[in-house]
Amino acid sequence: MHNLEIKLGGFGGQGIILAGYIIGKAASLYDQKNATLTQSYGPESRGGACNAQIIVSNEEVDYPMVLHPNILIILSKEAYDKYIASLAKKGILFFDEDLVENHFNLDPSIQAWSVPATRMAEEMGRKIVANIIMLGFFTAISGTISPESMEKAIETSVPKGTQELNLKAFTKGFEYGKEKFKIGSNTGFKIV
């Protein structure tokens, strides 16, 4: 696979765009790959639909739009309803199990992985880090970007004074992914 297409979806205020930015930054600056990021907001800044689209590749990226993502990361039921049809066959779906009901009928080639990201963030006392917990979970399961690169990207992208909290959230999601699914961080999609 030359290009890995990733789409994140949710609503304004969940940090979807920041999460996309962190993935792209980790891939391009710290894993030495090429990456593009495009983003879209609904009419409202908070509560409206939004998505971030990232393409990661070892080669130059000619077209920045994600048409059929290999990986879909969903943090709301509305985003699931809107984007699930675009997920490529043999794709991977990551979703927040508290915000997206797991009663869907997926193509059998699709892997679906759930994490209670919002609940875990609330247990940490800051619901706003659910996106970072999801990034940790995504990193542990997909193996597309190194954990070290994601940590560096988080540390240099989140607001000053929140780095420690965000790195703890990333670790919480990463460890949850490793424990729940008993896999290491070197499995999943690879960019060749």
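Is Val115 buried or exposed? Val115 is buried, with a relative accessible area of 0%; buried stands for under 20% relative accessible area, exposed for over 50% and partly exposed for values in between, with a 1.4 Å probe and protein chains only.

1. Basis of the model. The model is predicted, so local features need a pLDDT of at least 70 and side-chain atom pairs count only at pLDDT 80 or more, while totals for chains, interfaces and linings use all residues. Residues are numbered from 1 along each chain as its sequence is written, and side-chain values use heavy atoms, with hydrogens and water left out.

2. Confidence. The protein chain averages a pLDDT (the predictor's confidence in each residue, from 0 to 100) of 89, and 90% of the residues score at least 70. Over residues 183-192 the pLDDT is below 50, although this stretch has 36 contacts in the model beyond near neighbours in sequence; a contact means heavy atoms within 4.5 Å. Where pLDDT is low, the predicted coordinates should not be read in detail.

3. Fold. Six helices and six strands make up the secondary structure of the protein chain, in the order β-α-β-β-β-α-β-β-α-α-α-α along the sequence. Helices (H or I, at least four residues) and strands (E, at least two) are DSSP runs, numbered from the N terminus. Of the 192 residues, 51% count as buried. Among contacts between residues at least 6 apart in sequence, 61% join residues at least 24 apart.

4. Surroundings of Val115. Val115 belongs to strand β6 (residues 111-115). Residues up to four places away in sequence not being counted, Val115 touches Phe95, Asp96, Glu97, Met120, Met134, Phe137 and Tyr176.

5. Nonpolar cores. A nonpolar core is a set of buried Ala, Val, Leu, Ile, Met, Phe, Trp, Tyr and Cys residues joined through side-chain atoms within 4.5 Å. The largest has 42 residues, and those with the most contacts inside it are Ile6, Leu8, Ile23, Ile73 and Phe94. Helix α4 gives the most to this core, nine residues. A second, separate core of eleven residues includes Tyr83, Ile84, Leu87 and Phe95.

6. Largest pocket. The volume of the largest pocket is about 330 Å³. Its lining has 22 residues, of which Gly13, Gly15, Leu18, Ile128 and Asn131 are the closest to the centre. On a 1 Å grid over the protein atoms alone, a cavity is a set of points where a 1.4 Å probe fits but cannot get out, and a pocket is an open set with protein on both sides within 12 Å along at least five of seven lines; lining residues have an atom within 4 Å of a point. Grid points are joined across faces, edges and corners, and a volume is the space filled by probe spheres set on the points. Helix α1 supplies the largest share of this lining, three residues.

7. Second largest pocket. This pocket has a volume of about 150 Å³, and its lining includes Phe11, Leu75, Thr118 and Lys127.

8. Backbone. Most residues other than glycine have a negative phi, and most peptide bonds are trans. Gln32 has a positive phi, near 60 degrees; Gln32 lies in the loop between α1 and β2 and is exposed, at 64% relative accessible area.
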